[in-house]
Each structure stands twice: as C-alpha cells, then as structure tokens.
Amino acid sequence: MNSTLDGNQSHPFCLLAFGYLETINFCLLEVVIIVFLTVLIISGNIIVIFVFHCAPLLNHHTTSYFIQTMAYADLLVGISCLVPSLSLLHYPLPVEESLTCQIFGFVVSVLKSVSMASLACISIDRYIAITKPLTYNMLVTPWRLRLCIFLIWVYSTLVFLPSFFHWGKPGYHGDVFQWCAKSWHTDPYFTLFIVMMLYAPAALIVCFTYFNIFRICQQHTKEISKRQARFSSQSGDTGEVQACPDKRYAMVLFRITSVFYILWLPYIIYFLLESSTGNSNRFASFLTTWLAISNSFCNCVIYSLSNSVFRRGLKRLSGAMCTSCASQTTAKDPYTVRSKGPLNGCHV
C-alpha cells in the first residue's frame, strides 16, 4: 500500500488490491477509506474541543478532564493519519519507509492507549463519586486529575516503547507501508505483554466499575421507591420515583466505552490470533485496524445523541460561527443595511 513500487511489479503495494485499472497507479480503495476517516476524525474532535469551551456546564464534571484528553488524543490520531494518506498519494516521505512506519505505528498505538486508559479512569471516577459521595471532592482534586492524565501519557508511551528495541510490532497501523506489512512481524511475547499491561486491566476495570455503578443505582432507586410508597400511603400523595441522578450521566459514558470496545474487539482478537498462530491476512489486518481507528470519530456522535448539554453547546458554537460569518459579510459590504431580526436568529 506504499507509493513505491514493489520490485518488478507494475502496480503499487496495496492491501486491498481488487484488480485496479491499469491507468490507476495508486491504491484507490485505501486512499478513499483513509482520507475519509482522517477528515471525519479531525473535524469531529475539533468540534468536541470547541464545544467544551463553549459549554461551561460540561466542565462541571471531573470526567471532562479525561474526555477532553481523549478528544486531543483522537485529534492527534487524525493528524497522524495524514502521513499514510499523503504517502498513498505519492508524496515523498521525510525519512526512510521503515522508520516512518515504525514511528507512525508507535504514535497511533500510544494515542489509542491514552483513550483506553482515559476510559478506565472515567469509570473509576464515576465509581468513587457513587460509592464515596461525601469525600469525593477531597479524593478527586484538579491537581490529582492533572497528575493522572500525565501518568496516562507516560504509561502509554512506556508500554509501546519496546517496539523500537525489536520486541515486535505493536499493531497494524503502519501496514499501510510495505516494510511494516512484510518485514515487521508481531511477537507473541510482546503481544502478551501489551495485553497484560493495557488491554486486560482496562477492560477489567471498566467491567467491574460499571457493573457496581448500575447495581448501586438500582439499589438506590428501589430504596427511594419504597420510601415514597410508604410516605404516599400515609399522606395520600403519589409522586414519581426519581432514579439515581448519576445513572443517566454514567449511561452516556458507558455508551462511549461500549462503542470503543465493540470497535476495538475485532482488532484485539485478530492481533492475538496472528501473534499466536503466525498466520496473517492483509485484508483482515487493514479492516480491523481502521475499524478501530474509526472510533476516534464516534465520541462526537455519541455526545450529540446522548448529552443535552453537549447539544446546547453545539448550537451555541454554530450560532457563534453564524454570527461571525454574518458580521464579516456586513463588514465587507458597507452599503448593506443591518437588520435586527435575521442575525439574532443565529444565537441559540
């Protein structure tokens, strides 16, 4: 899939080679998929970052620290994807192909590890908020959150750093380059190391915390309903049972976590199978890898569908952009009569 030709072949190296036309000298399907995902990831995460700045209510939860960290990490994933996109379109690489694909694979692996670790920290944060509400503000402070985010970046870097010391391939992100696909192989011991140090602990933490969060919320709801039933029988008033206030927000975060692992599960399964058996499939590696990378765009969609505060922030952002565009148009045309009505419609 690299822009350079493979030996005596007349066609470039492509993982998804389905009989391209003779007139096409680049990997058409790969270019379309990667460029499309790159645009979605960059634009989606820029929107998330700006909405968090436009909606102060989103920053009231301490989890906003981790969500914004994920947004910045996913934005860097999208920017990193410009490297294979430009390579596929025959732009010259700044360094040799082997080093480029190693750096690209390492960077994307670290960035996705940051997202995975951030999701685990979000679940821990919500677990502490529900199990220890009285001491939560003392335990979870802004300084400790910043320290935790710093440690996430350091830990993620250290987990994948051995890939530069011939431990093995950290993933298939660099397989868009021919050297990575043919000469850089996975190692079962390094794969086991990554699973034990990252994938397994993060998944276990998420399962444990959210299981207990929803169990506690269900118990609280039952207790409240019993008390309201007892009070209504005495006073004759009937009222609606209010659910656990943290359950709705935890459900939004659980959706984000679930989508993340659903999209990453095929990649992890294939990674384990290839490392253990030694059998590889270029189509499967490409499909599972870029399916996992597509998760970097999903958070924007999930927030838009699930979080009313985020939707209001998105409307506020679009209103601000609309007002800015209108003011620039008015400034360029001094003869335009300013109207009091239409411009106000841009403010939401």
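**Exercise 1. Find which helices supply at least two residues each to the lining of the largest cavity.**

Solution. Begin with the search of the whole structure, which finds 2 cavities of 30 Å³ or more; a cavity is a set of points, on a 1 Å grid over the protein atoms alone, where a 1.4 Å probe fits but cannot get out, and lining residues have an atom within 4 Å of a point. The largest cavity has a volume of about 60 Å³, a volume being the space filled by probe spheres set on the points, which are joined across faces, edges and corners. Next, read the lining, which includes Ser-109, Lys-112, Tyr-199, Trp-264 and Tyr-267. Helix H4 (97-131), H8 and H9 each supply at least two residues of this lining, and the largest share, 4 residues, comes from H4. Helices here are DSSP runs (H or I, at least four residues), numbered from the N terminus.

The model is predicted, and local features need pLDDT of at least 70, side-chain atom pairs pLDDT 80 or more, while totals for chains, interfaces and linings use all residues. Residues are numbered from 1 along each chain as its sequence is written, and side-chain values use heavy atoms, with hydrogens and water left out.

**Exercise 2. Sort the lining of each cavity by residue class.**

Solution. Ala, Val, Leu, Ile, Met, Phe, Trp, Tyr, Cys and Pro count as nonpolar, Asp, Glu, Lys and Arg as charged, and the others, Gly among them, as polar. For the largest cavity, this gives 7 nonpolar, 3 polar and 1 charged residues. The second largest cavity, with a volume of about 40 Å³, has a lining of 7 nonpolar, 1 polar and no charged residues; among them are Ile-67, Leu-119, Asn-299 and Tyr-303.

**Exercise 3. Describe the aromatic pair of Phe-214 and Phe-254.**

Solution. Rings of Phe, Tyr and Trp (its six-membered ring) pair if their centres lie within 6.5 Å, and planes under 30 degrees apart count as stacked, over 60 as edge-to-face and the rest as tilted. By this rule the count comes to 14 aromatic pairs. The rings of Phe-214 and Phe-254 are 5.5 Å apart, centre to centre, with 85° between the planes, and form an edge-to-face pair. Phe-214 lies in helix H8 (residues 188-235) and Phe-254 in helix H9 (residues 245-277), 40 residues apart. Finally, compare accessibility: Phe-214 is buried at 18% relative accessible area, whereas Phe-254 is partly exposed at 30% (buried means under 20%, exposed over 50%, partly exposed in between, with a 1.4 Å probe and protein chains only).

Key: On a 1 Å grid over the protein atoms alone, a cavity is a set of points where a 1.4 Å probe fits but cannot get out, and a pocket is an open set with protein on both sides within 12 Å along at least five of seven lines; lining residues have an atom within 4 Å of a point.
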